[in-house]
Amino acid sequence: MQNLEPEKPALEKSPVEKPKVDPVLKGKVDDLIRFYGGGHNEDLVEDIILTALKLLRDVEHRGDVRVIATSLRELRYAFKMFAPYVDKRKVTIFGSARTLPTRAEYQQAVEVARKISQAGYMVITGAGPGIMQAGHEGAGAEMSFGANIRLPWEQAANPIMVKDKKLITFKYFFTRKLTFIRHSDALVLFPGGFGTMDEGYEALTLMQTGKSQLMPLVLMDRPGGTYWKTWDKNVREHLLRNQLISPDDLYLYQITDSADQAVKCITRFYRNFHSTRWVKDLLVIRLQYTPQQSAIDALNDDFADIITGDKIHITPPLKEELEDKDVIDQPRIAFGFDRRQYGRLRQLIDVLNSF
């Protein structure tokens, strides 16, 4: 599943109009694409080539261009690596590289990965030691992906993934994090340092602002532990109390110290919910089962505060979905969502999953 940034409504225009392209230059780029043999998304590839050519005049600093070139190279390879598994749901496990195998958190990560893989999910980690290696131990190499990072002092890929074809090593953290979120259907965070906090806060920010699909974000304490409970207390006492977040934002994550409960948080989220997509000003929610009309009426009453425009209604696949052959076999509902209260939207999904 590819999750980063649901499609924006077509009514939203880019703040910068695309400049007109020299027809002669465009023709030469088209010829180049045909010479290469053509392929997928030729219009978008053409746009990438035209944008790259502008670097010859617009960006003088070699280091800046190197960042662009390396980023494009890393993302192309990562998307290619994940492409054969696009229909397989995946869970990313984050946590400290310093956690030793003797620690309870390590053994717990092994257990979570084993149980979630047994439920049919593949596991993505940063491919290093500690919690990352524990995730691969639990899932096994066949059900694992590794997204390693080159650092001066660490980290070589762990022995489980070091020779696996589903391993990629990134130069940049931002392309690595994009890959994590883009290809994840759920996130599990074990105790960790700055990197784990960074990954957790980015995931929360992306969901809170609608820049990624909503997905389970499970914060795993060791049995009886208080790492995430203490973090949650800080969030409530400082961010929530000072009105820096909304009360409904607290529904974007769940805390547990049970491996079984963590797996349930993930599998229950996809009991009925499948995915979302914007089509013009409608948010379309694809489901496993069609709700009864009485349930739709109740949703319109209970979630009236997040509805703008069309009320929640059952709909066949919309024209744009049919054109893209985008999950057209699933039942769906649609409504005008205010594109702001994503914690409330998460609550709506939880209700749908209870049907």
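Visitor: Leucine 206 lies in which helix?

Guide: This is a predicted model, so let's walk it residue by residue. The stretch that makes up residues 194-208 is a helix on the way from β5 to β6. Leucine 206 sits in helix α7.

Visitor: Does leucine 206 count as buried or exposed?

Guide: Buried means under 20% relative accessible area. Leucine 206 comes in at 16% relative accessibility. That puts leucine 206 under the cut-off, so it counts as buried.

Visitor: How far apart in space are leucine 206 and isoleucine 181?

Guide: Along the sequence, 25 residues separate leucine 206 from isoleucine 181. Going C-alpha to C-alpha through space, the gap between the two is 9.1 Å.

Visitor: What is the handedness of the crossover from β5 to β6?

Guide: Strands β5 and β6 (residues 217-220) run parallel, joined by three bridges. The chain gets from β5 to β6 by way of helix α7, making a β-α-β crossover. That crossover is right-handed.

Visitor: Which residue in β6 is the bridge partner of valine 188?

Guide: Valine 188 belongs to strand β5, and it is buried, pointing the same way as Ala186. Leu187 and Leu189 point the other way and are buried too. Over in β6, the bridge partner of valine 188 is valine 218.

Visitor: And in β5, which residue is the bridge partner of phenylalanine 94?

Guide: Strand β1 covers residues 90-94 and runs parallel to β5, with four bridges between them. Phenylalanine 94 pairs up with leucine 189.

Visitor: Which strands stand at the edges of the seven-strand sheet?

Guide: Seven strands form this open, parallel sheet, in the order β4-β3-β2-β1-β5-β6-β7. The end strands of that order, residues 167-170 and 254-256, each have a single partner, so one side of each has no neighbour in the sheet. Those edge strands are β4 and β7.

Visitor: In β3, what is the bridge partner of threonine 125?

Guide: Strand β2 (residues 122-125) and strand β3 (residues 144-149) pair in the parallel sense over three bridges. The partner of threonine 125 in β3 is glycine 146.

Visitor: At about what angle does helix α9 run to β6?

Guide: Helix α6 (residues 173-182) lies across β1, β2, β3, β4 and β5, at about 165 degrees to β3. Helix α9 (residues 259-269) lies across β1, β5, β6 and β7. Its angle to β6 is about 170 degrees.

Visitor: In what order do the four strands of the open antiparallel sheet come?

Guide: In this sheet β8 (273-279) and β10 (313-315) each have a single partner strand, so they stand at the edges. Three bridges join β10 to β11 (residues 332-335), where isoleucine 314 stands opposite isoleucine 333. The order is β8-β9-β11-β10.

Visitor: Which helix lies across β8, β9 and β11?

Guide: The helix in question spans residues 342-353 and runs at about 30 degrees to β9. It is α12.

Visitor: What is the radius of gyration of the chain?

Guide: The chain has 12 helices and 11 strands. For 355 residues the globule rule gives 20 Å, and the chain's value is close to that, so the chain is as compact as a globular protein of that length. The radius of gyration is 22 Å.

Conventions: Residues numbered from 1 in each chain as written. Predicted model: local features only at pLDDT ≥ 70, side-chain atom pairs only at ≥ 80, totals over all residues. Heavy atoms only, no water. Pairing = 2+ DSSP bridges. Helix = DSSP H or I, 4+ residues; strand = E, 2+ residues; numbered from the N terminus. Contact = heavy atoms within 4.5 Å. Axes fitted to C-alpha atoms, helices over the stretch in contact; angles between N-to-C directions. Rg over C-alpha atoms; globule rule 2.2 N^0.38 Å. Buried < 20%, exposed > 50% of the residue type's maximum accessible area, 1.4 Å probe, protein only. Right-handed = clockwise from strand over helix to strand, strands pointing away.
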